[in-house]
Amino acid sequence: MKPGRYMIICALLLVASLTAFGQQPQPLAGKTTDEAGRARLDELRAAGFEALYNLDYEGARRQFKEIVRLFPEHPAGPQFLAATLWTQTLNESRRLQSSLYSSESFYNSKSEDAVDPRTVEQFRELTRQAAQLAKARLKTNPRDVEALYFLGATEGLKAAFAAAVQRSFMSALRDGSSSVDRHREVIKLDPTYRDAELTIGLYDYVAGTLPLPIKLLASIGGVRGSKKRGLLTLERVAKEGRFARDDAKSLLLVLYKREKRYGDSLAISRELGAKYPRNYLYKLETADALLAQAGLDRQAGNSAAAASAEREALSTYEALLQDRSVREVAARSLDLIHFRYGDALFTAGRFDIAAKEFLAATAVNGGEPTLATLARLRAAQSLDLAGKRNEALIQYRSVLQRPAVENSHEEAKRGLREPYKIKNEKSTSE
């Protein structure tokens, strides 16, 4: 089976894009069962994930390293540190927004933006430590629910890293399947352990979305799922989970959009955006949901509602670019904001302005090279649609002077042969 066939599964593994698979500890075993120990670990956990959700990686690391120091026999510390490293790596490669995974080319292409081997090695070492600590506790007590939970959480994190960072889809599927098995065992041992249902609900949803031929083959191997059951499970975690509520909401944010439930997705992105004001990604998701809703309203003939949603989406991008807190936390990530703003303007048919935003993405100091290449390509296409062919040709040529990213060279060569056109749509430039 080609990597592209795994798109749905791997894309949904990545929705921790907004979180860190924040599996957090239940009451601890052994030396840390005293109230003071539990309270201290919970305090550090809460502070660490508050920082992580707000994209403050160093702040998160300080808290999680303290967990390692105070509770060296618990898998929480290294697992949280691995989650922090993974999330930061995604952010630096601009792969943290879910909409960037919507293209089949992401899963079929060979990545040119290789991850620093030191990062990969550090991640492997941290997940190895977390898994070893969890397995050591399970040797002492095979029914240690918390240890089993953390072992599954670590495998889930490895799956997400393999898919999103290394694009190793087979490894992602193996670890993801093992993670689900561990968490199903957790539920057998403790049916009230809601946080473990996060991976189970996601698995049910994914298995339920497989194309019928693949679903039939999968069922022979015992793989069965249900989109409805998966969504209900995730909604239960979002309401009743102890520590994974925001993780479940972040998953639902993406799945609701996939189900065209844009209003529900919008409500969650607004809620989490308000809760974590320094996380610009939730605001990007808000704008993305608004644009999707605008498209749905336009198809339904409700032009007034479509125009209102579109205006709000565009104003969201403008506000982000003016937000000082965003510049403090993610100055280098302004390229992603400009890129997504360009996409929104492109969708709205404002091609001339869209080209300016795409080019602004390429000019951000410290911007990500892969995104800069894609931005140049999108700028060229926008300029073509705006009737500025000579300017478009300059950008197509600049794409070919850079390393190939996804299908950028093929698209640039096509653009040099003939002006870009939107297929099956009427295009109007401003």
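Author: In this predicted model, helices are DSSP runs of at least four residues, numbered from the N terminus. The loop between α2 (35–53) and α3 (57–70) holds Leu-55.

Reader: What is the phi of Leu-55?

Author: A general point comes first: most residues other than glycine have a negative phi. Leu-55, although not a glycine, has a positive phi of about 65°.

Reader: Is Leu-55 buried or exposed?

Author: A residue counts as buried under 20% relative accessible area. Leu-55 has a relative accessible area of 6%, and is therefore buried.

Reader: Which loop holds Lys-260, and what is the phi there?

Author: Lys-260 lies in the loop between α12 and α13 (262–275). Its phi is near 65°, a positive value in a residue other than glycine. Exposed means over 50% relative accessible area; Lys-260, with 53%, is therefore exposed.

Reader: At what angle do helix α12 and helix α14 pack?

Author: Helix α12 (residues 245–258) packs against helix α14 (residues 280–299) at about 20°, and their axes are 11 Å apart. Angles under 35 degrees count as roughly parallel, so α12 is roughly parallel to α14. The crossing in which α12 passes α14 is left-handed.

Reader: Which residues of α12 and α14 meet?

Author: From α12, Ser-250, Leu-253 and Lys-257 take part; they meet Tyr-282, Glu-285, Asp-288 and Ala-289 in α14. By class, this contact of α12 with α14 has three nonpolar, one polar and three charged residues.

Terms used. Residues are numbered from 1 along each chain as its sequence is written. This is a predicted model: local features need pLDDT of at least 70, side-chain atom pairs count only at pLDDT 80 or more; totals for chains, interfaces and linings use all residues. Side-chain values use heavy atoms; hydrogens and water are left out. Axes are lines fitted to C-alpha atoms, for helices over the stretch in contact, and angles run from 0 to 180 degrees between N-to-C directions. Helices (H or I, at least four residues) and strands (E, at least two) are DSSP runs, numbered from the N terminus. Angles under 35 degrees count as roughly parallel, over 145 as roughly antiparallel, 65 to 115 as roughly perpendicular and the rest as oblique. A crossing is left-handed if the near helix is turned anticlockwise from the far one by less than a right angle, and right-handed if clockwise. Contact means heavy atoms within 4.5 Å. Ala, Val, Leu, Ile, Met, Phe, Trp, Tyr, Cys and Pro count as nonpolar, Asp, Glu, Lys and Arg as charged, and the others, Gly among them, as polar. Buried means under 20% relative accessible area, exposed over 50%, partly exposed in between (1.4 Å probe, protein chains only).
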